[in-house]
Amino acid sequence: MSSSTNPTDHAADAADMARLCAGRSEALDATMERHQTRLLHWLIRLTGCEASAEDTAQDAFVRVFEKRHQFKPGAKFSNWLYTIAANLVRDAKRFQARHPHLSLESESSPGAGDALSNRLVESAADPAQACEVEERAVAVRRAIAALPEDLRIALTLAEYEDRSMADIAEITQSSIKAVESRLYRARKELRGSLAEWFKL
C-alpha cells in the first residue's frame with residue numbers, strides 16, 4: 001500500500017512548518033491549501049456528518065498552529081495532522097457519550113462511504129438499479145459507522161486514504177501489529193454486516 005503523501009508535499013510541509021515556527025503565520029494558509037480538502041473528506045467518511053467534519057478540520061488546523069513548536073522536524077506532517085484530527089474525533093465522541101442527545105444527522109451525508117460503495121457496486125443502468133445502488137451505499141455507510149471507533153479509523157485510513165501500515169500506526173499511536181489486527185477485524189465485521197448486499 002502506498003503513502004498518500006508525495007515527496008514534494010513532504011518538503012513543502014517541512015518548509016512551511018519551519019516558517020510557521022519562525023513566526024510566519026501565513027505559512028499555515030499554504031499548509032491548509034495542500035491538506036484541508038483531503039482531511040475533510042476523510043473526516044466526513046469517519047464521522048458520517050459533514051458539519052461535524054468541517055468543524056473538526058478547522059479545529060485540527062487551529063491545533064496545528066497552537067502546537068506548532070511540538071512538531072518534530074523530519075516527521076511526516078500529514079501523519080501529525082491526522083493524529084490531531086483523530087484525537088479530536090475521539091474527544092468529541094467521549095463528550096457526546098457524557099452528554100447524549102438525539103442525532104438529526106443524515107445518513108446520506110455527502111462523501112460518506114462513497115468510495116467503498118463505488119468499488120463494491122456498478123453504476124446503475126435504470127431507476128430500479130439506481131435505487132438499489134443507493135440502498136447499498138447507505139448499507140455500507142451504516143456498516144462503517146457501526147464499527148468500533150478504533151476499527152473505523154484504521155479502516156478509513158487504509159481504504160480511503162491509501163495509508164501504509166506504518167502511517168496508520170503512527171497516526172493511531174499504536175503498533176503495526178495492532179493496525180493489522182484492527183483492519184482484519186473491521187473487514188471481518190463488514191463481511192458479516194454486508195453479507196446480504198455483497199459477496200465479500
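1. **Basis of the model.** The structure is a predicted model, in which local features need pLDDT of at least 70 and side-chain atom pairs count only at pLDDT 80 or more, while totals for chains, interfaces and linings use all residues. Residues are numbered from 1 along each chain as its sequence is written, and side-chain values use heavy atoms, with hydrogens and water left out.

2. **Confidence.** The mean pLDDT of the chain is 83, and 79% of the residues score at least 70, where pLDDT is the predictor's confidence in each residue, from 0 to 100.

3. **Overall make-up.** The chain has 9 helices and 0 strands, and read along the sequence its pattern is α-α-α-α-α-α-α-α-α. Helices (H or I, at least four residues) and strands (E, at least two) are DSSP runs, numbered from the N terminus. Of the 200 residues, 39% count as buried, a term that means under 20% relative accessible area, with exposed over 50% and partly exposed in between (1.4 Å probe, protein chains only). Among contacts between residues at least 6 apart in sequence, 69% join residues at least 24 apart.

4. **How helix pairs are described.** Two packed helices are described by the angle between their axes and the distance between the axes. Axes are lines fitted to C-alpha atoms, for helices over the stretch in contact, and angles run from 0 to 180 degrees between N-to-C directions. Angles under 35 degrees count as roughly parallel, over 145 as roughly antiparallel, 65 to 115 as roughly perpendicular and the rest as oblique.

5. **H2 with H7.** Helix H2 (residues 27-47) packs against helix H7 (residues 149-159) at an angle of about 140 degrees, the axes lying 10 Å apart, and that makes H2 oblique to H7. The crossing of H2 with H7 is right-handed; a crossing is left-handed if the near helix is turned anticlockwise from the far one by less than a right angle, and right-handed if clockwise. On the H2 side the contact involves Trp 42, Arg 45 and Leu 46, which meet Arg 152, Ile 153, Thr 156 and Leu 157 of H7. These residues divide into 4 nonpolar, 1 polar and 2 charged, where Ala, Val, Leu, Ile, Met, Phe, Trp, Tyr, Cys and Pro count as nonpolar, Asp, Glu, Lys and Arg as charged, and the others, Gly among them, as polar.

6. **H7 with H8.** The axes of H7 and H8 are 10 Å apart, at an angle of about 145 degrees, and the crossing of H7 and H8 is right-handed. Ile 153, Ala 154, Leu 157 and Ala 158 of H7 make this contact with Ile 168, Ile 171 and Thr 172 of H8. By class, the contact of H7 with H8 has 6 nonpolar, 1 polar and no charged residues.

7. **H7 with H9.** The axes of H7 and helix H9 (residues 176-193) come within 9 Å and cross at roughly 95 degrees, and the two helices are therefore roughly perpendicular to each other. The residues in this contact include Asp 150, Leu 151 and Ala 154 of H7 and Arg 182, Leu 183 and Arg 185 of H9. The contact of H7 with H9 has 7 nonpolar, no polar and 6 charged residues.

8. **Ile 168 and the rest of H8.** Ile 168 is found in helix H8 (residues 165-172) and counts as buried, at 0% relative accessibility. Leaving aside residues up to four places away in sequence, Ile 168 touches Ala 154, Leu 157, Ala 158, Arg 163 and Val 179. Asp 167, Ala 169, Ile 171 and Thr 172 are among the other buried residues of H8, and H8 is followed by Gln 173, whose phi is positive, near 55 degrees.

9. **Two further buried residues.** Arg 182, in helix H9, is buried with a relative accessible area of 17%. Ala 85, in helix H4 (residues 77-98), is buried with a relative accessible area of 0%; the C-alpha atoms of Ala 85 and Ala 60, 25 residues apart along the chain, are separated by 5.4 Å.

Methods:
Contact means heavy atoms within 4.5 Å.
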